[in-house]
Amino acid sequence: MTNNLWYKNAVFYEISVRAFKDSNGDGHGDLRGIAEKLDYLQALGVDCIWIMPIYPSPLKDDGYDIADYYAVDKAFGSLDDLKELIRSAHEHGIRIVMDLVLNHTSDEHPWFQASRSDRNSPYRDYYVWSDTDKKYKDARIIFVDTEHSNWTWDEKTGQYYWHRFYASQPDLNFDNPKVQEEMLQVARFWLDLGIDGFRADAVPYLIEREGSNCENLPETHDYLKKLRSFMDQHYSGRILLCEANQYPEDVRPYFGDGDEFHMGFHFPIMPRIYMALKKGRFEDMAEIMHRTPPIPENCQWCTFLRNHDELTLEMVTPEERQWMWEQYAPEPRMRLNMGIRRRFAPLLDNDRRKMELANSILFTLPGSPIIYYGDEIGMGDNIDLPDRNGVRTPMQWDNSPNAGFSKNTPFSDLVKGAEYERINVAGQINKPDSFFSSVKRMIKYRKAHPAFGGSSMEWVDTGNQAVAVYVREHDGDTVLILNNLSASAETVNIPVKFQKSHLDLFTGQKLNLTDKLTLQPYAYLWLHIQK
């Protein structure tokens with residue numbers, strides 16, 4: 001595992017540890033449960049797993065409210081379990097990144113308890129306090145459904161404290177050099193255990209300044225460069241993945257000159273894939289990709305169709321958001337904050353053709369793709385559960401009671417209608433015509449072609465807006481991609497330079513392109529351009 005640019009053409013897999021596999025029958029998924037399923041992840045073709053927070057936490061925000069940065073919550077196991085998981089994953093050729101939550105802690109963290117206990121506490125300045133709640137009034141509220149202000153009054157010390165998320169998640173004060181150093185030590189602790197990097201949570205909000213929206217400030221970048229430099233110096237080959245829900249031109253600075261984040265999520269392409277599928281036209285995808293600036297050679301985007309949060313609609317216009325809600329979340333309870341709390345398969349009507357097509361787009365766009373656990377089998381959701389819990393239900397391993405997730409009652413209700421009896425890993429893993437096998441094939445061909453490891457793409461004009469056609473080229477390897485977004489058969493004009501014989505990656509057959517080509521509804525082609 002010495003390739004320091006491994007992440008540029010890696011396939012990532014996001015795991016909610018609580019929901020993946022219960023190894024000891026207590027109803028909660030755990031680290032040993034993941035270790036038991038490494039063969040499965042290896043068979044799928046996963047290069048790196050991202051595990052959601054495993055720190056001790058009161059779970060007001062599913063573990064993103066951390067009460068201790070230096071421990072594993074007992075529900076998930078122990079530090080020794082994590083070390084064993086890392087060792088075993090590496091033996092399987094799989095890396096592991098974990099969440100590093102820099103911006104805030106839980107209000108139950110000892111630092112905050114000390115901070116609010118006494119205005120003279122050495123930890124007072126670890127957080128952002130104010131006599132007034134009128135400061136930083138240009139900063140938006142992120143959890144608009146639950147929070148009415150970014151300030152909360154603390155009766156104990158008679159001041160307000162600042163938080164960008166829930167009131168139970170006070171923001172750390174990154175203007176304090178001690179906080180900056182403390183978070184470097186947190187990173188050091190986990191890197192020393194062998195973790196391959198971090199998905200850094202909510203990074204735009206580290207610093208506050210009056211008269212600004214308190215996002216993406218220069219001082220925030222100064223600290224993130226410091227974190228990167230620390231990792232480069234001591235932990236070569238480990239990565240930082242940036243969670244900044246912004247337009248691509250606003251995420252671009254987080255790559256710096258190749259000296260800040262190695263990777264950054266491309267949030268805005270995700271809703272536009274769903275727009276394209278619903279409209280049967282690719283222009284929304286093309287527009288955002290044209291807006292995506294070049295990035296340094298040692299950097300890469302991260303793309304996804306869904307994750308553990310709501311399908312965010314922050315990076316679309318208000319009109320587009322309303323349209324997406326009407327199309328994909330017709331019931332008000334399907335909506336949350338500025339997004340949609342549904343899983344991938346139900347969003348696409350559990351239509352196998354659309355599900356495959358969306359994955360064809362995911363695996364061929366610039367960037368390293370992330371699969372959210374269960375989406376590779378087309379798992380559903382349970383919107384009767386509150387908040388985002390509906391997309392964090394137990395993984396469906398087989399058709400036995402509790403979906404093979406646990407021997408005992410799981411921490412959460414399963415998807416309704418005993419969906420696991422029909423949709424589960426055991427029923428798909430050995431069937432060549434299953435959805436799982438389709439995803440596995442896409443991963444296999446993606447990984448076999450250097451073309452997908454670059455960050456550039458070239459759109460091909462075929463005179464038909466219903467078919468997204470583009471070329472991926474890198475390191476002398478070229479692939480032509482065609483995705484029919486329409487429910488009808490569509491014909492495209494093939495430019496002269498492509499009118500020859502190409503290898504169809506999925507059939508292994510030569511396909512002779514002439515001046516026109518007709519694609520069946522929701523069909524896709526990956527053609528290797530023969531030199």
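**Cysteines, barrel and charged pairs**

Start with Cys214: its sulfur sits 18 Å from the closest cysteine sulfur, which belongs to Cys242, and that is too far for a bond. A disulfide here is a pair of cysteine sulfur atoms within 2.5 Å, and by this rule the count comes to zero. Cys242 is in no disulfide either, with the nearest cysteine sulfur, that of Cys302, 10 Å away. Cys214 is buried at a relative accessible area of 1%, and Cys242 is buried with a value of 1%. For these labels, buried means under 20% relative accessible area, exposed over 50%, and partly exposed in between, using a 1.4 Å probe and protein chains only.

A word on what you are looking at: this is a predicted model, where local features need pLDDT of at least 70 and side-chain atom pairs count only at pLDDT 80 or more, while totals for chains, interfaces and linings use all residues. Residues are numbered from 1 along each chain as its sequence is written, and side-chain values use heavy atoms, with hydrogens and water left out.

Now for the barrel. Eight strands close into it in the order S1-S2-S3-S7-S8-S9-S10-S14, with parallel pairing. On average, neighbouring strands of this sheet are turned by 30° against each other, direction ignored. Strands (E, at least two residues) and helices (H or I, at least four) are DSSP runs numbered from the N terminus, and two strands pair if DSSP finds at least two bridges between them. In general, strands of a sheet pair through backbone hydrogen bonds, either parallel or antiparallel.

Take S1 and S14 as an example. Strand S1 covers residues 12-15, strand S14 covers 368-372, and the two pair in the parallel sense over three bridges. Here Glu14 stands opposite Tyr372 in S14.

Helix H6 (residues 177-193) lies across strand S3 (95-101) and strand S7 (197-201), and runs at about 145° to S7. Helix H7 (residues 218-234) lies across S3, S7 and strand S8 (239-242), at about 155° to S8. Those angles run from 0 to 180 degrees between N-to-C directions, with axes being lines fitted to C-alpha atoms, for helices over the stretch in contact; contact itself means heavy atoms within 4.5 Å.

On to the charges. The structure holds 39 salt bridges, each being a side-chain nitrogen of Lys or Arg within 4 Å of a carboxyl oxygen of Asp or Glu. In one of them, the side chains of Arg32 and Asp81 meet at 2.9 Å, N to O. Arg32 lies in helix H2 (residues 31-36) and Asp81 in helix H4, so this pair ties together parts that are 49 residues apart in sequence. Helix H4 spans residues 79-91, and, leaving aside neighbours within four places in sequence, Asp81 is in contact with Leu31 and Arg32.

Asp384 and Arg333 form another salt bridge through their side chains, at 2.8 Å, N to O. Asp384 lies in the loop between S14 and helix H14 (425-428), and Arg333 in the loop between helix H11 (318-328) and strand S12 (335-336), so the pair ties together parts that are 51 residues apart in sequence. Asp384 is partly exposed at 43% relative accessibility, and Arg333 is partly exposed with 40%.

What about a pair within one helix? The side chains of Glu356 and Arg352 meet in a salt bridge of 2.8 Å, N to O. These two are four residues apart in helix H13 (residues 352-364), so about one helical turn separates them. Glu356 counts as buried at 13%, while Arg352 counts as partly exposed at 31%.

Salt bridges also link up into a network, made of Arg18, Asp61, Asp62, Asp309, Glu310, Asp387, Arg388 and Arg392.

One last stop is Pro58, in the loop between strand S2 (48-51) and H4. Pro58 is partly exposed, with a relative accessible area of 24%. Not counting residues up to four places away in sequence, Pro58 touches Asp65, Ala67, Ser106 and Glu108. From Pro58 to Lys500 the separation is 442 residues in sequence and 61 Å in space, C-alpha to C-alpha.
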